[in-house]
Amino acid sequence: MAENKIKAKEQAFKELSSKDKTKKITDLLLNNAMYIIIILAVIYISIKVPAFLKLPSIVNVISLTAAKLPIALGIGGCIVLTGTDISAGRVVGLTACISASLLTTTFKVFPDMTSAPPIIVVLLTIIVAGGLVGFVNGFSVAKFKLHPFIVTLSTQLIVYGIILMYLMRGTNNGQTLSGLTDGYRSLITGTLFSIPTATGSVAVPKYVLYSILLVILMWVIWNKTTFGKNMFAVGSNEEAANVSGVNVSKTIIMVFVLAGMMYAVTGFLDGARIASANANTGLNYECDAIAACVIGGVSFVGGIGRISGIVVGVLLLQIIFTGLNFLAVDANMLYIIKGLIILIACAIDMRKYLVKK
Amino acid sequence: MEKQTVPSENKNVLLRMEGICKEFPGVKALDNVNLTVKAGTVHALMGENGAGKSTLMKCLFGVYNKNSGHIYLEGKEINFKTSKEALENGVAMVHQELNQALKRNVMDNMWLGRFPKISKWCPLTSEKKMYDATMKVFEELDVHVDPKTVMSRMPVSQRQMVEIAKAVSFHSKVIVFDEPTSSLTEEEVDHLFRIINMLRDRGCGIIYISHKMEEILRISDEVTIMRDGQWVATRPAKELTMNEIIRLMVGRELTNRYPEKDNKVGEPILQVKNLTAQYSLLKDVSFEAKAGEVLGVAGLDGSGRTELLENIFGIATRKEGEIYLHGKRVMNRNARESLANKFAMLTEERRATGIFGIRDIQANTTISSLPKYKKGPFLSDKLMSESTEWGINAMRTKTPSQKTQIRSLSGGNQQKVILARWLLTSPEVLLLDEPTRGIDVGAKYEIYQLILDLAKQGKTIIMVSSEMPELLGVCDRILVMSGGRLSGEVDAKETSQEDIMTLATKYA
Amino acid sequence: MEEPKQETTPQLRGLYSKVKISVRSLNIIIVVLVALLVACMAYGIAKGGFRVSFDTQGGTVVESQVRMHGELLEKMEPPTREGFEFDGWYLDPGGTVPWDTDTDTVTESMTLYAKWKEKNG
């Protein structure tokens with residue numbers, strides 16, 4: 001069946017005139033330029049630094065991918081609505097700081113506390129906090145018709161202010177929060193299972209599992225619920241969605257609230273993963289997440305996107321940056337490369353939908 | 001302004017359009033149209049909505065590329081690519097909808113894109129030159145507007161004067177007026193006509209597009225009438241009467257482009273009382289609709305037809321008025337409520353407010369009836385694809401599969417998908433706004449058949465259309481709107497296009 | 001005859017609804033950007049190496065080093081300071097996260113901070 005299809009495609013290709021052939025090839029090359037670059041880069045890196053393809057490095061890439069997935073899953077929804085969310089990174093920072101301040105043994109922020117509250121309570125608290133920021137974003141976008149860029153730019157600043165004030169509380173005086181409880185750390189970074197290698201074994205951390213669960217959850221929400229269908233409808237044509245009886249405002253607000261909750265989970269994982277949290281935790285995370293979504297085919301055209309695309313996008317981005325790190329490329333240069341990747345991804349995305357006009 | 005009776009035959013031909021044809025996919029919009037405008041005359045262009053007047057003008061200004069035909073300006077063949085090129089060659093248009101930079105002042109708008117420079121060597125724009133030049137044009141036209149007024153602070157009529165002044169400042173030889181009086185008061189119309197007469201006396205050729213018969217007879221020297229994209233007649237205005245014009249405009253034969261009507265009209269189920277809109281001109285509309293009836297709504301563009309449907313469906317803000325279904329009051333404050341009350345609405349702008357272009361057929365079909373497919377908290381793919389399949393079969397939609405993006409379908413098939421979307425909500429009242437717009441003739445017949453089938457199932461259908469033969473062919477009764485009010489109600493079997501046209505211009 | 005609306009209404013909305021650019025120019029933009037990206041990567045790789053600087057916090061100056069990914073720091077003389085005793089390198093100025101020059105490998109550009117103990121007597 002699949003073979004027949006490929007053959008039919010080959011046949012169709014052969015029948016094209018040479019001019020059409022060139023056009024087809026250009027289309028193919030340019031529309032997949034991002035993937036081609038990444039594949040070439042990976043090949044180059046693995047030749048130069050063979051350790052890159054060894055098991056520890058692969059597990060490292062997968063773990064880092066898992067850590068960055070939830071935030072991308074959240075932002076993906078905002079992009080489907082033709083919006084975006086640049087407050088994401090700061091929300092991650094805020095929730096990481098809250099988790100680190102509560103699930104600690106030192107209690108610098110709350111000097112009166114003596115023992116850490118149950119982990120589940122902290123998790124619920126930060127999910128509510130993330131959802132609240134998301135609600136403010138969503139409400140402003142839905143009701144005041146402000147552009148998500150402007151709205152989330154403001155909330156980003158507000159959240160940053162809150163983080164700084166929060167860190168000044170008690171005896172902490174703006175310092176990095178550390179000294180997390182063992183329960184919290186082992187829940188997140190504990191070993192899920194180990195893969196034995198020649199030189200010992202490589203541990204896969206537990207948060208990989210949590211990320212997988214979140215991916216499944218989001219897939220169900222996007223594909224199997226009324227809310228998901230409505231989200232795509234609003235993203236592809238808001239007016240038509242309104243006429244079709246979709247509650248447009250509610251849908252937009254819910255997308256942003258869900259996104260906020262996802263950032264909260266990211267913050268929760270990150271606090272334990274890095275073993276500390278400060279005002280810079282989560283900085284620029286939204287850039288990576290937006291880039292990953294666009295690479296993964298969540299289009300700014302609106303109404304287009306798949307969860308699988310987001311996963312692939314995050315993974316590819318992680319591979320390329322881990323690879324560049326292996327080649328000891330300076331962090332300053334990485335920012336420039338990241339910016340260029342976002343630009344190229346957008347240009348390619350735009351091209352795909354221009355051609356079809 | 002008394003009508004001038006200059007014999008126009010011996011004047012020079014300024015603009016000649018010959019054998020203009022323009023085709024859109026599936027539709028022949030212009031078929032061999034001729035138009036000759038002589039210098040120093042006002043030439044009225046008339047026709048029903050969609051007769052091809054604006055398409056003809058768009059071909060002149062290069063907005064559309066004509067398929068065949070020639071345009072001559074003062075004997076030289078021209079083929080403008082953009083309206084800027086047209087302007088530079090002395091052909092200007094005063095649009096019905098003003099395209100102006102409202103936040104800028106009058107002279108900025110006048111000289112937009114060609115600001116005068118201080119001198120050849122100094123590329124800064126000269127406010128003074130701009131001001132003087134503007135004042136000069138205004139004095140010529142007897143317009144009393146300070147060139148430094150910000151556009152948005154002026155009434156529409158004055159903004160229109162600025163637009164005319166702009167056309168004059170280009171030393172235009174041919175000026176097209178597209179429905180210029182639709183927002184003017186009696187006095188302003190007089191002023192406009194004084195200006196038009198002055199331009200004519202200077203030797204300009206004026207093309208005047210309007211629906212208003214009295215105006216046409218008052219201002220124009222010659223009248224060209226179009227119908228269905230074809231040229232019908234060009235006559236001196238003094239030989240025409242209002243009735244004659246109406247006859248020429250609508251005088252086409254009804255062929256059996258419509259399916260046989262076999263729906264049975266039942267009891268009245270829908271009452272609309274004193275419906276008045278908050279933000280549009282819709283005023284005090286009351287009517288009744290019966291089960292199994294196809295109720296047409298006729299009227300000119302901007303007569304409030306669309307607004308009527310939007311207000312019933314709750315997607316426009318209602319000021320007052322009540323709607324009763326089966327004697328029970330329904331609020332219909334938004335589309336969701338209307339949906340729950342078993343209303344459905346097919347909107348006029350299919351692309352803008354109908355389809356989800358990049359979504360597939362299934363998503364487009366099921367979006368309004370999603371709760372129906374729930375199994376527990378999740379949607380069932382099986383139920384959704386069954387319903388979609390039903391929609392495709394019932395509407396005879398031609399599509400490769402359910403997973404095809406809707407934008408790759410033809411207009412007619414898109415319309416069928418949206419109809420299926422609404423039928424899946426099992427509505428009792430279907431509001432259809434221009435259900436056959438942009439659809440080829442064959443598909444139109446199928447849509448008519450679907451409408452009548454639905455009526456046979458006892459559904460109430462309210463259908464807005466600007467094509468009068470369509471209304472006469474499909475509807476049982478026709479409401480005629482004019483200037484936002486209901487100007488009459490006629491029985492489709494006993495009325496004629498002439499009657500409807502007269503009613504439609506009642507408050508215009 | 002009505003005219004199809006497609007010439008006036010944008011078919012796709014979203015962030016690109018106002019984009020008026022030809023495919024050709026977009027192709028050029030993509031190619032240029034890709035070239036730029038490759039150039040940046042090449043430059044970054046050529047100039048590869050993480051700069052590790054040392055903040056002695058009042059002690060004698062220690063030269064910064066450029067190391068590749070996964071390498072140990074080069075052996076160096078510990079800094080000295082009048083009246084204090086050197087107590088190792090730390091990742092933060094507060095001196096809470098220690099850096100073991102014998103086992104810790106470099107994975108990013110960073111600054112190490114010296115920690116001092118007051119000399120007794």
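I started at one pair of residues in chain C: Phe84(C) has Glu118(C) as its bridge partner in strand 5 of chain C. The model is predicted, and I read every entry below with that in mind.

**Sheet of chain C**

Strand 3 (residues 84–90) of chain C runs antiparallel to strand 5 (residues 110–118) of chain C, and 5 bridges join them. Next I looked up the whole sheet. It is open, has 5 strands in the order 2-1-5-3-4, and its pairing is mixed. I noted strand 2 (65–67) and strand 4 (98–99) of chain C as the edge strands, since each pairs on one side only.

**Confidence**

Which elements mark the lowest and highest confidence in chain C? Strand 2 of chain C is lowest, with a mean of 83, and helix 1 of chain C is highest, at 89. I flagged residues 1–12 of chain C, where pLDDT stays under 50. The model still has 35 contacts for this stretch beyond four places in sequence. For the complex, the predictor gives an ipTM of 0.80 and a pTM of 0.77.

**Chain C against chain A**

I turned to the contact of these two chains. Chain C puts in 29 residues and chain A 32 residues. On the chain C side, helix 1 (residues 23–46) gives the largest share, 13 residues. I sorted that side by type: 17 nonpolar, 9 polar and 3 charged.

**Domains of chain B**

I looked up the domain assignment of chain B. Domain 1 is in two segments, 13–90 and 172–250, while domain 2 spans 101–158. Domain 3 takes 257–342 and 427–508, and domain 4 takes 357–425. The C-alpha centres of domain 1 and domain 2 of chain B are 28 Å apart.

**Nonpolar core**

I asked which residues have the most contacts inside the largest nonpolar core. They are Leu431(B) and Met463(B), in a core of 254 residues. Helix 12 (residues 248–274) of chain A supplies the largest share of this core, 17 residues. In soluble globular proteins, nonpolar side chains tend to be buried together. I then listed partners of Met463(B) beyond four places in sequence; among them are Val294(B), Leu295(B), Ile451(B), Val474(B) and Cys475(B).

**Two positive phi values in chain B**

Most residues other than glycine have a negative phi. I wrote down two exceptions. Phi of Glu74(B) is near 50 degrees. Glu74(B) sits in the loop between strand 4 (68–73) and strand 5 (76–78) of chain B. Phi of His171(B) is near 55 degrees. His171(B) is in the loop between helix 5 (156–169) and strand 7 (174–178) of chain B.

I compared their surroundings. Glu74(B) counts as partly exposed because it has 16 C-beta neighbours inside 10 Å. His171(B) has 9 other C-beta atoms within 10 Å, so it is exposed.

**Thr495(B)**

Is Thr495(B) buried or exposed? It counts as buried, because 20 C-beta neighbours lie inside 10 Å, and 20 is the cut-off. I placed Thr495(B) in the loop between strand 22 (485–491) and helix 17 (497–504) of chain B. Beyond four places in sequence, Thr495(B) touches Ile478(B), Val490(B) and Ile500(B). Last, I took its C-alpha distance to Ser466(B), 29 residues apart along the chain: 16 Å.

Technical notes: Residues are numbered from 1 along each chain as its sequence is written. Chains are lettered from A and ligands numbered from 1 in the order in which they are written. This is a predicted model: local features need pLDDT of at least 70, side-chain atom pairs count only at pLDDT 80 or more; totals for chains, interfaces and linings use all residues. Domain bounds come from an automatic or database domain assignment. Two strands pair if DSSP finds at least two bridges between them. Helices (H or I, at least four residues) and strands (E, at least two) are DSSP runs, numbered from the N terminus. A nonpolar core is a set of buried Ala, Val, Leu, Ile, Met, Phe, Trp, Tyr and Cys residues joined through C-beta atoms within 7 Å. A residue is buried if 20 or more other C-beta atoms lie within 10 Å of its own, exposed if 12 or fewer, and partly exposed in between; C-beta atoms are placed from the backbone. Two residues are in contact if their C-beta atoms, placed from the backbone, lie within 7 Å. Ala, Val, Leu, Ile, Met, Phe, Trp, Tyr, Cys and Pro count as nonpolar, Asp, Glu, Lys and Arg as charged, and the others, Gly among them, as polar. pLDDT is the predictor's confidence in each residue, from 0 to 100.
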